[in-house]
Amino acid sequence: MFVVRPVAATDVAALEANASVATPGVHTLPKTREGIARAVEHSLTSFAAKVDLPSDEAYMFVLEAADGSLAGSASISATAGSKGTFFAFRNDVIQQVSRDLNISHSVHALTLCSDLTRYSQLSSFYMRGWRTAGQEAALLSRARLLFAASAPHRFADRFFASLAGVTDESGRSPFWEALGRKFFHMDFLDVERMIDGARNRSLIVELMPHYPVYVPLLPGEAQAVMGQVHGEGELPFAILSDEGFEPDEFIDIFDGGPILQAHRNGLRAFSASRRCRVLGGGGIREGALHLVSNLREDDFRAVLAPAAFDEHDGVSLPGATGEALNIGAGDIVTCAKL
Amino acid sequence: MLVVRAIAEKDLDGLLDLATRVGGGMTTLKADRGMLGSRIDIACASFAESIAPEARDYMFVMEDLANGALAGVCAIKGAVGLEEPFYNYRIGTLVHSSKELGVFSRMETLYLSNDLTGCSELCSLFLHPDYRSGTNGRLLSKSRFLFIAQFPDLFAEKLIAEMRGFLRDDGSSPFWDSLGQHFFKMEFERADDLTSLGKKSFIAELMPRHPLYIDYLPAEARDAVGLVHTATAPARRLLEQEGMYYEGYVDIFDAGPVLQARIRELRAVRDSDVVQVAAADGAQGAPLLVSNTRLADFRVIVAETEACDGRIALNEDQRNALCLPAGGAVRILSLNHHA
């Protein structure tokens with residue numbers, strides 16, 4: 001059975017091994033041992049923190065396989081711009097109307113914006129062997145939102161995830177070539193390395209265009225990849241779309257990749273999940289597959305399990321599920337349909 | 001002999017004939033009888049001083065006195081942009097720099113501006129192909145500076161001239177194709193026609209309101225910024241010799257340069273003199289621009305003669321061309337700036 005749980009200090013070595021095989025530019029994972037250790041430390045502090053208002057907390061989760069190895073990891077930040085302003089390009093439509101000439105058409109423009117700064121951000125989704133991954137990938141991705149649903153005071157009302165845009169085998173991004181390179185004079189991957197994939201650094205204000213970028217002026221190659229996800233991002237894109245995220249409003253300022261965003265009321269983890277009391281009595285084997293998580297902020301657990309409900313918000317789960325979630329009969333769990 | 005003179009009502013047919021020979025890209029001289037007719041009316045009212053100085057449009061024709069044919073046309077507008085907005089792109093600079101990354105990018109941008117509102121404008125210069133030789137081009141273009149030197153108070157502090165921008169051999173504009181076309185969704189010729197018809201409000205309605213980075217444009221369009229049409233290069237040189245210069249304003253459609261100068265800095269204003277005419281035959285010297293000093297019947301010729309002690313020797317033909325008696329006053333300026 002796969003279990004999602006908060007990262008622990010003992011996970012650093014396994015995370016480092018996973019990061020070494022991840023494709024650069026595709027993952028917002030920290031790559032160095034120091035970076036990983038820092039992220040883990042920050043996560044431990046965040047889980048332990050008493051939070052009134054979401055701030056710079058970042059919660060990191062790992063997907064533990066039955067053999068105890070780490071099959072994946074994923075994070076969620078309380079606010080995207082905790083250490084600065086989070087920048088994105090907003091897709092704007094500028095109406096061009098001339099009554100005299102009976103002309104009316106629209107021009108697509110990209111505006112550098114900080115709208116996402118206060119949003120909570122899903123990031124660093126990494127799945128070992130993602131091509132062959134099963135439903136545990138959805139478990140890993142969506143467990144973050146179940147955690148948010150069980151501790152809403154730790155998060156904003158809105159969430160987003162920025163997925164990698166299109167690059168070729170050598171890491172060349174057509175969108176970057178048309179835009180970022182003109183301001184940074186560097187290769188895409190070099191910049192990503194230098195700023196650790198961050199989008200909340202003041203150098204972005206210093207270097208990126210302040211005025212709207214009129215899309216028709218960009219080369220066709222760059223226009224074609226706007227909002228398009230990198231091949232390796234298709235899995236998280238599908239999972240998040242399924243969860244209720246919408247990709248149309250924003251794109252990444254560097255590689256033009258899609259930014260999926262949603263109000264929590266539009267997310268299944270919030271609107272289509274239910275809190276149930278675990279029933280005793282031996283457990284079940286049959287039932288529709290659900291994401292099930294406990295409600296503990298300090299010892300969060302989520303698994304996939306068949307669940308059977310009664311009419312009084314009681315739920316029967318397999319015996320092993322209770323163990324994996326560290327709960328017993330009478331405890332409350334969050335259940336969301338897969 | 002050729003004389004540049006104030007236009008008159010009788011010149012409409014000749015002007016229309018000239019206008020039919022003008023190619024695209026020249027918005028102020030379309031071959032339209034009605035438009036040209038009303039333009040002549042305004043010019044006549046301007047020379048008669050019956051309309052306000054800023055509404056005036058002093059139009060001149062170059063006449064071949066041998067046969068009465070019109071060899072060219074040119075004009076000076078009292079002021080631009082006071083009745084309908086006058087648009088240009090101003091080329092500005094935005095610096096994007098990050099000490100942390102060691103990056104310093106100096107980016108050129110296009111700002112939609114009305115900065116040149118109220119300036120006087122040299123415009124509508126066209127020389128008949130049969131007359132493109134000798135001193136004719138210089139006479140036609142530079143005659144206007146003599147007019148300004150004679151009547152500086154009729155003009156704004158600043159003088160501008162929009163030069164035709166670079167076009168491909170087929171008449172299309174690389175700048176328009178890369179920029180304007182996306183916002184106007186029409187051909188260059190049509191936009192050009194609409195402008196000349198005075199339907200300029202559509203510019204404000206359709207042009208991008210935010211500054212544009214020139215670097216976004218394809219190389220061919222970038223290279224066209226501030227570049228004149230091949231056929232206009234000599235005209236640009238003439239204006240530059242008279243003290244006009246390019247200061248980073250370009251046309252919003254074809255990116256042709258706007259030349260500008262303060263009137264008091266023009267060579268003609270600084271260096272021209274008023275002298276008395278002496279009747280004489282056979283005088284020789286470097287070519288001079290010679291004009292009479294009358295507003296309503298302004299006339300300019302090129303004379304190879306000599307001026308000294310406040311007098312200039314002009315033969316009978318020259319005096320007739322200027323409609324001057326002996327003893328009258330003329331304004332003179334060496335035709336070439338280095339002479």
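The C-alpha centres of domain 1 and domain 2 of chain A lie 29 Å apart in this predicted model, where local features need pLDDT of at least 70, side-chain atom pairs count only at pLDDT 80 or more, and totals for chains, interfaces and linings use all residues. Residues are numbered from 1 along each chain as its sequence is written, while chains are lettered from A and ligands numbered from 1 in the order in which they are written. Domain 1 of chain A spans 3-89 + 113-269 and domain 2 of chain A spans 273-337, with bounds that come from an automatic or database domain assignment. The contact between them takes 18 residues from domain 1 of chain A and 14 residues from domain 2 of chain A; two residues are in contact if their C-beta atoms, placed from the backbone, lie within 7 Å.

On the side of domain 1 of chain A that touches domain 2 of chain A, at least two residues each are supplied by β1 (3-6), α2 (33-48), α3 (136-150) and α10 (268-271) of chain A. Helices (H or I, at least four residues) and strands (E, at least two) are DSSP runs, numbered from the N terminus. The largest share of this side, eight residues, comes from α3(A). By residue type, this side of domain 1 of chain A divides into twelve nonpolar, two polar and four charged residues, where Ala, Val, Leu, Ile, Met, Phe, Trp, Tyr, Cys and Pro count as nonpolar, Asp, Glu, Lys and Arg as charged, and the others, Gly among them, as polar.

Strand β13 (residues 302-309) of chain A runs antiparallel to β1(A), joined by two bridges, and V4(A) stands opposite A302(A). Six bridges join β13(A) to strand β12 (residues 288-294) of chain A, also in antiparallel fashion; here L289(A) has P306(A) as its bridge partner. Strand β14 (residues 314-316) of chain A is antiparallel to β13(A) too, through two bridges, one pair being A308(A) and S316(A). Strands are taken to pair if DSSP finds at least two bridges between them. In the hairpin of β13(A) and β14(A), four residues lie between the strands, and D313(A) takes a positive phi near 55 degrees.

The largest nonpolar core has 206 residues, and those with the most contacts inside it are L139(A), V292(A), F60(B) and I148(B). Such a core is a set of buried Ala, Val, Leu, Ile, Met, Phe, Trp, Tyr and Cys residues joined through C-beta atoms within 7 Å. With ten residues, α3(A) gives the most to this core. Beyond its neighbours within four places in sequence, V292(A) is in contact with residues including A302(A), V303(A), L317(A), L325(A) and C335(A).

In chain B, F147(B) belongs to helix α3 (residues 136-150). F147(B) is buried because 24 other C-beta atoms lie within 10 Å, the cut-offs being 20 or more for buried, 12 or fewer for exposed, and partly exposed in between, with C-beta atoms placed from the backbone. Leaving aside neighbours within four places in sequence, F147(B) is in contact with Y58(B), I76(B) and F298(B). F147(B) and A268(B), 121 residues apart in sequence, are 9.0 Å apart in space, C-alpha to C-alpha.

Between the chains, 23 residues of chain B are in contact with 23 residues of chain A. On the side of chain B that touches chain A, α7(B) gives the most, with four residues. The residues of this side of chain B divide into eleven nonpolar, seven polar and five charged.
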